[in-house]
Amino acid sequence: MFNKILIIEDIDSISLGITSLLEKKTTADIKTTKYCDEAFLKIKKALYEKEPYDLVITDLSFKEDHRETKITSGEELIKTIRKEQPDIKIIVYSIEDRPYKIKSLFDNLNINAFVIKDRESTFKLIEAMEAINSSEQYISPVVSQTLKDDSLLEIEDYDIELIKCLSKGLTQDEISVLFRKQDKSPSSTSSIEKRINKLKIFFKAKNTIHLIAIAKDMGII
C-alpha cells in the first residue's frame, strides 16, 4: 500500500501507538519525529536520495520546548511539504473538530485524509490509508456528517468583513451604518445580529470575543 511513512507527533505514547499499529498492518518503512523542521529535512533528504516518503501522518499542534524551530505548526509544515513534494499523501491526525478548519485543510492545503483523535482513532488511520490508496479522501465519521450538513453556514466575503468590523470594536449599529454606505447586504442591525449568532454556532464560539479570536487563529482575518 505505502512503502515509506513519516509520522510527525510530539506525544511519545501516541507516536508509539501509531507506529506499533502500522508495523502490524503494513510492511512500510516507518520513521517518526517530534519536530516539524526535522520532518521537512527528512522529506528533502529522502527526495535527494531518490527514496521519497509516500505518506505523511501529522498532528496540527506541537508544544514548544527548548529547541528553536522555524516551522511551528502542522499547517505550516503541510504547506512547506506540498511545495517540495506536491504528490505526497498527507493524513492529518488531530483533536481539531471545527468544521471550517477541517474544510480549509482539504480546500486550501489539499490534504488527503483527516482523522480525529479519540479512543479508537488509531484504527481509523488504517481506513484512511486504504481510502487514500484507492484515490479517495477520508474524513473520520464523527465529523464527516457535520461537513456534509447543508445547513452549515458557508463562509463568504461578507462574513469575513463582518468579523473584521467586530475585531475593530464596531458595534452592530455602527456596522449597519457602514454596510449601508458600502451597499453591502444585509445591512440591517437585526440581520447583522442573526449573522453573528450563526457565525458563533458555526465556529463553536462562546461569545463575540471568542469568535474574533478563533477567526484570527485560523487566519481568516
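Predicted model: local features only at pLDDT ≥ 70, side-chain atom pairs only at ≥ 80, totals over all residues.
## Ground rules

Local features need pLDDT of at least 70 and side-chain atom pairs count only at pLDDT 80 or more, while totals for chains, interfaces and linings use all residues. Residues are numbered from 1 along each chain as its sequence is written, and side-chain values use heavy atoms, with hydrogens and water left out.

## The largest pocket

The largest pocket holds about 440 Å³ of space. Here a pocket is an open set of points on a 1 Å grid over the protein atoms alone, where a 1.4 Å probe fits, with protein on both sides within 12 Å along at least five of seven lines. The volume is the space filled by probe spheres set on the points, which are joined across faces, edges and corners.

There are 20 lining residues (an atom within 4 Å of a point). Closest to the centre sit Glu 75, Lys 101, Ser 104, Asp 217 and Met 218. Helix 3 (74-84) and helix 4 (99-109) are the elements giving two or more residues to the lining, and helix 4 supplies the largest share, with six. Helices are DSSP runs (H or I, at least four residues), numbered from the N terminus.

## Helix 2 against helix 3

Helix 2 (residues 36-48) packs on helix 3 at about 15 degrees, axes 10 Å apart. Axes are lines fitted to C-alpha atoms over the stretch in contact, with angles from 0 to 180 degrees between N-to-C directions. So the two helices are roughly parallel (under 35 degrees).

Technical notes. Parallel < 35°, antiparallel > 145°, perpendicular 65-115°, else oblique.
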